[in-house]
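Trainee: Could you take me through this model, one question after another?

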Amino acid sequence: MRVSVIVTVLNEADSLPRLLDSLAAQTRLPDEVVICDGGSTDGTLPLLEAESRLLLRIVRRPGGNISQGRNAAIEAATGEVIAVTDAGVRLSPQWLEKIVAPFEDAGTQTVAGFFCPDPHTVFEMAMGATVLPELREISPAHFLPSSRSVAFRKSAWAAVGGYPEWLDYCEDLILDFRLRDRYGPFVFVPEAVVYFRPRPGLRAFFVQYYRYARGDGKADLWRRRHAIRYLTYLVVVPLIAAGAVVSPWWWALCLIGVPGMFWGSWRRLARTWGGLTLAQKSQAALWVPVIRVAGDVAKMIGYPVGVWWRWRRTADLPIY
């Protein structure tokens, strides 16, 4: 069984060595690595050209979005099985071995790996706990993998039309839906772990989640989830605040409801902060509500931008 690992890159000279080192250290080496460059202007291309440990091929698509880059890399790949990951991540040593093992069964078409945060700072630890689920929270039958850690047969990718090239964010979810609709749930392999570093600051995080929500709007994803968010911040929170002015009993509702919004994140954080000092733990705990609210605001701004983009399109875009 020939396996191709595909990646897209754009100005990843600083983060790419982690990925290449972890690829070269795999217990099951890929038969080839196909990397699509979107027009890098830093040292990305010289770094790739100097790589000698892997059979590596470079595809150039200047100005292409991530969907176009992934499709181009997969088209150029010669493997029967395609394993997809991202630049800047660190793969566990058995990632490729584990994620391709289910394909020994000829009936397997899609496999989902897992991903975990690799925080370097207190802020990044708090962010990981706020926005990322733990393995214990995953329902394998319903899990939709990130393209940080996913594998599928090239024939399955072709059968569903590949990544949606009209979409610049949330493209992996649309491919997941297409594959699941055609082939059923992904085979879930939680041992195929990819580690990635969360955004290093609040501004970068805000931009990231604005783009994610804009992608939701473009793809017509998660209407109910976004509606609940608007209802919470634009109706429920103002009502509680107004009630607190009228009656002190409303403060009791605040004391119950506000911590409840962040309890799950604090619980995840408490399971990962063992190496922090007391001051760092306090700092991380205070970051959680800031990150949560900032992310929600970014989504509430980004989602209508995506919806407006969709409404203005004359083409009959798909609905998911």
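**Helices and sheet**

Trainee: Is the crossing of H8 and H11 left-handed or right-handed?

Mentor: This is a predicted model, in which local features need pLDDT of at least 70 and side-chain atom pairs 80 or more, while totals for chains, interfaces and linings use all residues. Residues are numbered from 1 along each chain as its sequence is written, and side-chain values use heavy atoms, without hydrogens or water. Helices (H or I, at least four residues) and strands (E, at least two) are DSSP runs numbered from the N terminus. With left-handed meaning that the near helix is turned anticlockwise from the far one by less than a right angle, and right-handed meaning clockwise, the crossing of H8 and H11 is right-handed.

Trainee: At what angle do the axes of H8 and H11 cross?

Mentor: Axes are lines fitted to C-alpha atoms over the stretch in contact, with angles from 0 to 180 degrees between N-to-C directions. The axes of H8 (residues 202-219) and H11 (residues 278-312) come within 6 Å, and they cross at roughly 35 degrees.

Trainee: Which strands stand at the edges of the sheet?

Mentor: Strands pair if DSSP finds at least two bridges between them, and eight strands form an open, mixed sheet in the order S3-S2-S1-S4-S7-S6-S8-S5. Each edge strand has a single partner, so one side is left without a neighbour in the sheet, and these strands are S3 (56-60) and S5 (90-91).
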